[in-house]
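The items are grouped by topic.

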Amino acid sequence: LFASFPVLVFSHSLVMLPAPAMDRSKRLREALPAVSAAVASQKVADSGNTWNDLRRGLTDLKKEPGKLDTLDLPTEGIIDDVWEFILGLMQGSPKYARQIIDAISMLIRSERWADGLLRAKRKHRLSLWKLSAAGIEPSPAELAAAVLKLGVQVDELLPTSALESGTGFVEDLAAKLVGPQRAALEASALGVAWREAAASSSMNFMPEGRVSEGDLGTLAEANEAQAASIEAAGKTDRRPGCRKDVVDNLLDLTEEALNIAARCLEPMMSGYEGETNIATSARAKVLEFRQRQADLQAQLVVLGPCQVGKTSLTYSLVGFAALPPENPSMVTTRWVHTPSLAVPRLTMPEALCELLQVWAQRLGAESPKGLAVEGIDAVAEALALAHRTVHRGRTAGKISSQELEVLSRPSMCLSVEVAFSALANLEGALTDTGALSIVDLPSPDDALWEVQDVQQLCRRALQEADGVLVVVDASKYEVPRWMSRLLRDAFVQDRVLRREDAWIVANHIDQLAEFFCKDGVTDVCQRVKKLEHHAFHDVIVGEDHVIPTAARLSLLAIYGSRQVTDTLSNSVLATLDREPWFAQICSFLFGYHWAAKVKDMERHKWRQAMRELQLLGQVTGPLANSVLKTAYVKMLPRSVARVMFDLSQLISSFVSSLLALEGTSVTIDAEQVRLVFQTYLEDVQKRAMSCLQQNAPTEADAAEFAAMKCSGNVVFDDANSTELNNNYFTILAREATSYWQPSFVKAVAAACDEALKAHQKWQRSLDYYLIKGGADAATKQKLLLDSKNLAFMSCAEGYEPLKNPDRDRLVAEHAGKVTITTSKQLFHRTKRTYLIKPENTSAFTVDLLCAWMHASEAEIVRRCIQPIQDNFDDMCRSIEEQNNQRLAGARRRKDAKAFDFSFAHALAEVLPKIASFNASQDSTDDVLAAEEADSCEKLCEEVRQVLQDLDKKVP
């Protein structure tokens, strides 16, 4: 078999030649086939990875843009595919708008690629009028002017619907056009509509006055202080971030090295039965990392009990100027920060749309209008319609609990893309790294949802979250027990979230009486922070992670600012004075006789009043900026840093495994590990059972319960006496197990805590044993990571340990022991009389407790002990796999050709440089960022020189 394979021999010391000129068009050429494939499959909107590759290819050419005109392409049709791809992506995924505009501005400088844009159809898909100019270079209007100068017709690029979001975009565009282009704009259908809109708006024009924070006194100071507190709390746990582009380059470099390694290992791998190419496996991991990089997200989950104002808080945080739906939230809504988008956009999965349409038909109500809508009012109405349909259907019995369970799945959610107003000035380098999303979970109403369904929904959301805002009612301090337990599981076990990533939002502070006193806002905030920290001390790190708010006031202020656009004259008041939201704002700010006070109020004074209301609400302005920016600054760079950390670990593991193939590693004694584990497992079992004994009721408690339920004889002597006798013990059993249920829940939680502590000691013992036994670093790391992959089922709320069949057998047994007397009567059935004595009740309750205890022990074993055993069995299989790999290497067939490992040593010299590269500089420091980019480029040139030398010697 090996006779046909050549002997590979590499020198240990490779001569470092000058690096060849970098081919900056390589990545663009490699990305183009995937672009054409996406266009052909009509799946452009779901092609984030393809866009990422195309964008990076174009970025490489920024230093040599002239190559766009000379780039060797199979056909010119690929240029048309690129433009079709870009237009479709802009329409379907506006989150990439900033990057797309940058790419278009580069491409249209090339005559060859500009001609491709002229050939493209439906150019209006660029939707430039829907984008915000903030932070975009060039601005949407500047890009539109540049495209029009190429010869594109105005009506082809900009329909009259461009005025739906206001006249600002067209005004900016007109200011940038001169001569024929300006004339073409004015003569177009858009120009005509613009002049008509301008003429009608000039009648009501009123210059806006600037609202100064200083004019609002102590309210602004209190809001600024709260914001500073949040920012300070975010800095106490400052973690290094990573620049995404640097990590992208390192991933590419690693993939190139692994491709070479896979080819070098191929002949050797053919000589080992059952072995896999470790380079191929490692390359698959790198592709997973690239997938994570392409779709980085920082996800902030908003959850809380019913009627605490979650939706109002979410609307206020993102700056969505609409009133929340009247019905409780019934569908998960994901709000995605899309910095460049000026017009909010809602999309829903096709499956969710079809489901809502079916339910709406059952109700004879309005159905969703489509998979996507745009505009504040349209989005608000679509959200309200979705929640109303589900809520009405559930309360009317048209939707079953089994059908509602579908909405607990992560994919069944509404998605709203909108530019969060609080993040308008966030650095572009940070927003380009990934997306920040706020996930507003449904209202967990037990009357509408099955408890297990809403628990599962919350649990899944927390597993995917980077942070959580727990909204509570500051005026009630009540949180459902299951939710408290869920939060504790998520944070205390330190497996899903960190306590530093949790915030308690104490809403409804305006419902506290002290809120309206002198210095009431400040005093209420301080008191609420202390109380909520005391209640959630095991979930959050300190009082600075408690945010007192009055979200309803903030949202009313945002909505009021948008709705009132003119002086409050008699005609304007006539359209507003019967609107509940307007009356609520005015009565709150101006008292019962508000009509006279707001009459003829100028717009700038109204805006100042709305700013005051926002500050009272404590959500918008500096506070929202601090909450969201802290989440962005901490979570997104941390996501990139996690990719870099995982890449470093992968490289270290690969290099160790590669060198281990030479036979330098030892075989792990699995039996010795089993002996150590057995001691640990017995200790955990003792601790877990001790937790049950400490929390479970005793026989004395059972006897006391029986005496409470039956203090004297109970006689059943009517026609249904037999059934009543059985029902007596059945009801008694249900009441007893329900009475003992809290003890079981507490015992399970305590047992899981003890198991977690013991497991941490086991990991240290395993680490020590592997080091002492001489295991290589890759093996040790893999086994330790396997042992860490453990999760306990500590939430037992609502779970009955004793099953119904076991309980029913016990009921039948004790019902049969009751004293029975029979008497025969003429023309009547034999009469049976059952006499249940207190000792019958006591004996049954004690036996029931015994069965309940056995069932509880079994359940604790399933929840706390069995996961440990399963985890260990998986680790043992990994040990056996490692040992078999080494044995296979030792038994390599004699007829195999010698395989030289010089290539492995060469890779072992350069790959660790990738793993140890410091990609954690502060991305906000331009000097450090530039130095980091230069260092990365030098490293890439050094490593690619080694790879090129190896590549020449591989057949």
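Predicted model: local features only at pLDDT ≥ 70, side-chain atom pairs only at ≥ 80, totals over all residues.

Residues are numbered from 1 along each chain as its sequence is written, and side-chain values use heavy atoms, with hydrogens and water left out.

**Overall make-up**

- The protein has 36 helices and 12 strands; helices (H or I, at least four residues) and strands (E, at least two) are DSSP runs, numbered from the N terminus.
- Of its 955 residues, 50% count as buried, where buried means under 20% relative accessible area, exposed means over 50%, and partly exposed is in between (1.4 Å probe, protein chains only).
- The accessible surface is about 43,800 Å², and 51% of that belongs to carbon and sulfur atoms; such areas come from the Shrake-Rupley method with a 1.4 Å probe, and for residues only the protein chains shown count as cover.
- Taking contacts (heavy atoms within 4.5 Å) between residues at least 6 apart in sequence, 84% join residues at least 24 apart.

- Nine strands form an open sheet in the order 4-3-5-2-6-1-7-8-9, with mixed pairing; two strands pair if DSSP finds at least two bridges between them.
- Strand 4 (372-374) and strand 9 (546-548) are at the edges and have a single partner strand each, so one side of each is left without a neighbour in the sheet.
- Neighbouring strands here are turned by 20 degrees against each other on average, direction ignored; axes are lines fitted to C-alpha atoms, for helices over the stretch in contact, and angles run from 0 to 180 degrees between N-to-C directions.
- Strand 3 (residues 345-347) runs antiparallel to strand 4 and is joined to it by three bridges. Arginine 345 has glutamate 374 of strand 4 as its bridge partner.
- Helix 22 (residues 520-535) packs on this sheet, where it touches strand 7 (467-473), strand 8 (502-507) and strand 9. The direction of helix 22 makes about 140 degrees with that of strand 9.
- The loop between helix 22 and strand 9 contains histidine 545. Histidine 545 counts as buried because its relative accessibility is 2%.
- A distance of 7.1 Å separates the C-alpha atoms of histidine 545 and alanine 502, which are 43 residues apart along the chain.

- Strand 10 (residues 714-716) pairs with strand 12 (residues 831-836) in the antiparallel sense over three bridges. On this side, phenylalanine 716 has tyrosine 834 of strand 12 as its bridge partner.
- Strand 11 (residues 819-823) is joined to strand 12 by five bridges, and the two run antiparallel. Threonine 821 is bridged to threonine 833 of strand 12, and serine 823 to lysine 831 of strand 12.

**Cavities**

- A cavity is a set of points, on a 1 Å grid over the protein atoms alone, where a 1.4 Å probe fits but cannot get out; lining residues have an atom within 4 Å of a point.
- Grid points are joined across faces, edges and corners, and a volume is the space filled by probe spheres set on the points.
- The count by this rule is seven cavities of 30 Å³ or more.
- The second largest cavity has a volume of about 120 Å³. It is lined by 13 residues, of which the closest to its centre are Thr332, Arg334, Pro410, Ala461 and Glu464.
- Strand 2 (332-337) and helix 20 (451-464) are the elements that give two or more residues to the lining of the second largest cavity. Helix 20 gives the most, with four residues.

- In helix 6 (residues 111-119), the buried residues are Arg112, Trp113, Ala114, Gly116 and Leu117. These pack against helix 3 (67-70), helix 4 (77-92), helix 5 (97-107) and helix 7 (140-149).
- Threonine 311 belongs to helix 15 (residues 310-318) and is buried, with a relative accessible area of 13%.
- Leaving out residues up to four places away in sequence, threonine 311 touches Pro324, Pro325, Ser329 and Asp440.

Key
1 Å grid on protein atoms, 1.4 Å probe; cavity = no way out; pocket = protein on both sides within 12 Å on 5 of 7 lines; lining within 4 Å.
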